[in-house]
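Here is a friendly walk through a structure, with its chains and contacts taken in turn. Have the sequence and the 3D view open as you read.

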Amino acid sequence: MELFDFYRKDRWPHVFCPGCGNGTVMNCFYRAFNDLGLPLDRTAFVGGIGCSSRIPLYINSDALHTTHGRAIAFATGLKLASPELKVVVFTGDGDLGAIGGNHFINGCRRNLDMTVICINNNIYGMTGGQASITTPHDFLSTTTPSGNKEYPFDLAEIAVAAGANYVARWTTRQVHELTKSIKTALQKKGFAFVEIVSQCPINFGRRNKMPDPTQLLDWFKESSVRRDKARTAAVDHVDLNLAGQITVGEFVDRNRESYEELIGVVKHG
Amino acid sequence: MRARPGEYFLQGNEACVEGAIVAGVRFFAGYPITPSTEIAEGLARRLTGTDEVFLQMEDEIACISAVIGASWGGVKSMTATSGPGFSLMQEAIGYAAMSETPVVIVNVMRGGPSTGQPTRASQGDVMQTKWGSHGDYQVIAFAPASVQEMFDLTVEAFNYAEKYRVPAFLLSDAEVGHMRGPLTIPDKIRIVNRKEKGIKRSDEAYDISDELVHPFPVFGKGHKTMITGMTHAEDSRIEPEDPKIHQELVKRLSQKVLMNRKDINKWEVMCPGSKTMVVSYGAASLGAMEVASQDDRIGLLRLKTIWPFPEEPVAEIASHCDRMLVCEMNLGQLYGDIKRVALEAGCRKVELLSKIGGDPPTPSEVRHKLHEMGAI
Amino acid sequence: MKPVVDPKLCKGCNICVYICPKKCYSRGTDISDIGYFDAIVDAHEKCYNHNRSGKLLCELCILSCPDQAISWHPETEEEQSR
C-alpha cells in the first residue's frame, strides 16, 4: 500500500502548520501499519478534538472524530460493539491528559484492546498556544505570560501506573525507534499507549525562543535520555518530562488479559 | 434472552430493562445514579451473551460516548441516568444529533437543580432534553406514566432512534421508575432496525427517503465512513466555514424529526368532548387520570411523546374546549408551548397546576384547581 | 534512488535540511506556487541510497517530512554515473 492509498490524497496538503510534528507521526504510523500488512478496512480510527485528533480524518478508512477528550470512551464502545475491528486512537496532550484524563487512566485500567497514539506538543496548538498539562515548568504560553508555575504531567508514567499493557515514549527526532514502537503497539493485545513528544513551532517554539522546528528537534535530541539511563533523581521528580530531560524508550511491555477477553465478547451479528 | 410473552408484575425500571432487551439492545454503558440504577443493575444481569456488553464506566460522559461509539459499531445501544448525569451527557447528545447516531437515553428524572432530591420524582429535565446541548437540533422524547409504558415506550424509543437516526429519550421519573405494577408483554411487538448503507431490507426505516435520513454506514464494512461533530458535507467532508453547507445540514437535522411529527407523536385522550381538558404527561398525569375517569365534565389529554412537541393533538383538543389545565411536576416547562398552541386554536383559558418537591399532583389538588377555574 | 521534493506539498519547514546526515538538502531560495520556500535536493549523490534500490537505508528525511512531500525516485542514467 502506497502512502497515499493509506491517506486520502484529496485532502492534501493537510491543515498542519509548516514544521508540525503531526505529519512526522503520520509517516511513522503509515510505515508501521504498512509493514505489518494490517487490513485498513478492518481498522477504525478515533480522534478527539485538537490538531493531532484530526489525523483520523486523513486516513482512508473508517474514522470517528469525536468530542473533546472523549476519544478513548468512544473507542471503548466501538471496540466492544465490534471486537473484530482494530481500533486506533489519535489524541493530543490536552485531549488525553487534561479534559480526557479520567477516560485515559480508566482506559489503561480496563486494558481494552486498542492502540492509543498521543502526540504531546506541550501546548494547546489549535486554540493558539495556551499552557497545557504537559507545558514544562517556567515555559511561556499565552496563558502563562510570566512562565508556567505548574509542573507537567508525565503521561507515559501514568499509563504504566494505571495498568496499560504497552507504554512507550519517543520524540519526533527518533523516527525509527518510534516506528518500531508503533509496530509493537499495533500488535499488542490490550491497551497500548505510545506518547510522542512533538514540536509545535508556531505556538510553543515561537514563544520559547525556538521558533524554528529544527531548534525544537535539536532540543529533543539533546534532552532525550533512555529510560534505563535516566538520572534517578529525575525519575523520582515530577518534572522529569521535558524541563530537564525527556525520558524515552519502552516503559512497560506486559501481557495482562484484555477486557474483551475477560468478558468473553465475540463478534456481533 | 428476552422475556417470554405474558403477564408480569414488575418495577418501572425493570420494565424498561425488559423493553430494551425486546427492542434488541446489545450495548449498555452506565454509571450508578439514583433513581435510575435498577436499569443498570437489571441489564448487568441480562446482557451476558457473547455478543452483548454491559459496561460500567468512569462517568456519565464516558457512558454516552461509549454508547455512541457502540452504535457506530452497528449495534443498538443505550444508557440510563438521572439529573446530574444527564447534565454531564449534554455535549455528547449534541454530538449524537450532529453525527446522526441512533442512541437511546433513559432519564429517570429527579428533583433539581444540582443534587436536589435524589430519591424524589420531578419533571424538571423536559426543557433540558430539548435544549440541553448547544446549537439547533431536534430530539425525540417519550414520557411514560405506568410500568406498562416504561416497557412500551422504551421499545418505541429504540424504534424511532433507529428509524430517524436521532438520540431518543425516555423521560421517566422516580415515581414511574420505582412504581410497581402489571406488565403485559405481547406476542408481537413492532421492532424497527436502522437503514444500513449497502443493505436492502424490508424494514420500516427504509421507507424514509435517503435525502432526509441517510443510510447508516456501519464501521468495518469498507464504507470508509468519516463521522464528525463538525459541520460536514454529504460525503462527510469537514466544511466548518461554508454557511450554505451548515444551513443545509442543521435544517435537515431538524426537518427529519419535525416533518415526521405525525409518525412520532403518541397521546391518549380521556373524555374528548369535555369543555375542560387537562393536559399532562408522565407521573404528573396520574392525579388527573383519576379525576377524568370519575368526572365526565373533565377530559384528559395525556402526551406520550413530548418532543417533538405534539402541536397537532394539542391544537385539535384545544379547538373543542373552553378551558385547559396543564399539570406538570416542574414550574411549567411545557406550559408555554401548550398555552401558545391552545390559544391559537381558540381555547380561551389555559392555566397551570405545577407541583414540585417530589409528589405528583393528587386528584384532590387537581379538583381544587379545576374548581378555582370554575370548571367544577 | 534519490529523494525528490514535491513543490505542491512542501511547506518549507527545512526539517529535511536539518535532519539529513549527509547534507543532501539545502534551504530554498525561490517561492513555490503555494507560497513557501521549498527545500532543494542539491546533493542527492551524497545520499546513502545513491545508486541503490530494494531496501533503502536511513530514510530520516522521508519519515520526518511533516508534509509527505519527499518521495524516492530512480535516478536518471546521467545521475547514476556521477
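What percentage of the contacts in chain B with a separation of 6 or more is accounted for by residues 24 or more positions apart? The share is 74%, where two residues are in contact if their C-beta atoms, placed from the backbone, lie within 7 Å.

## Before you start

This is a predicted model, in which local features need pLDDT of at least 70, side-chain atom pairs count only at pLDDT 80 or more, and totals for chains, interfaces and linings use all residues. Residues are numbered from 1 along each chain as its sequence is written, while chains are lettered from A and ligands numbered from 1 in the order in which they are written.

## Chain B as a whole

Chain B contains 13 helices and 16 strands. Helices (H or I, at least four residues) and strands (E, at least two) are DSSP runs, numbered from the N terminus. Along the principal axes, the C-alpha atoms of chain B fill a box of roughly 65 × 50 × 40 Å.

Of the 376 residues in chain B, 56% are buried. A residue is buried if 20 or more other C-beta atoms lie within 10 Å of its own, exposed if 12 or fewer, and partly exposed in between, with C-beta atoms placed from the backbone.

## Two domains in chain B

Chain B divides into domain 1 (1-259) and domain 2 (267-372), with bounds that come from an automatic or database domain assignment. Their C-alpha centres lie 27 Å apart. Across the boundary, 27 residues of domain 1 of chain B are in contact with 21 residues of domain 2 of chain B.

On the domain 1 side, the elements of chain B that give two or more residues include β6 (117-121), α6 (147-164) and α8 (243-258). The largest share, four residues, comes from α5(B). By class, this side of domain 1 has 15 nonpolar, seven polar and five charged residues. Here Ala, Val, Leu, Ile, Met, Phe, Trp, Tyr, Cys and Pro count as nonpolar, Asp, Glu, Lys and Arg as charged, and the others, Gly among them, as polar.

## Where chain A meets chain B

In this interface, 31 residues of chain A are in contact with 38 residues of chain B. Two or more residues each come from β2 (62-65), α3 (71-81) and α5 (101-110) of chain A, and α3(A) gives the most, with eight residues. The chain A side is made up of 13 nonpolar, 13 polar and five charged residues.

A strand pairing also links the two chains: β2(A) and strand β10 (residues 226-228) of chain B run in the parallel sense over three bridges. Strands pair if DSSP finds at least two bridges between them. In this pairing, His65(A) stands opposite Thr228(B).

## Where chain C meets chain A

Now to chain C, where 16 residues are in contact with 19 residues of chain A. On the chain C side, α1 (15-19) and α2 (60-64) are the elements that give two or more residues, and α2(C) has the largest share, four residues. That side has ten nonpolar, four polar and two charged residues.

Which residues of helix α9 (residues 213-223) of chain A are buried? They are Pro213(A), Leu216(A), Leu217(A) and Phe220(A). These residues cover an arc of only 100° around the axis, so they sit on the same side of α9(A); the arc is that of the directions from the helix axis to the C-beta atoms. Their packing partners include β8 (191-197) and β10 (246-253) of chain A, together with α1 of chain C.

## Backbone details to look up

Most residues other than glycine have a negative phi, and most peptide bonds are trans. In chain B, a cis peptide bond joins Gly112(B) and Pro113(B), with omega about 0°, and Pro113(B) is in the loop between β5 (103-111) and β6. The bond from Trp307(B) to Pro308(B) is also cis, with omega near -5°; Pro308(B) is in the loop between β14 (305-307) and α11 (311-318).

Glu100(B) has a positive phi, near 55°, and lies in the loop between α4 (83-99) and β5 of chain B. Asn51(C) also has a positive phi, near 60°, and is found in the loop between β3 (40-41) and α2 of chain C. Asn51(C) counts as partly exposed because it has 13 C-beta neighbours inside 10 Å.
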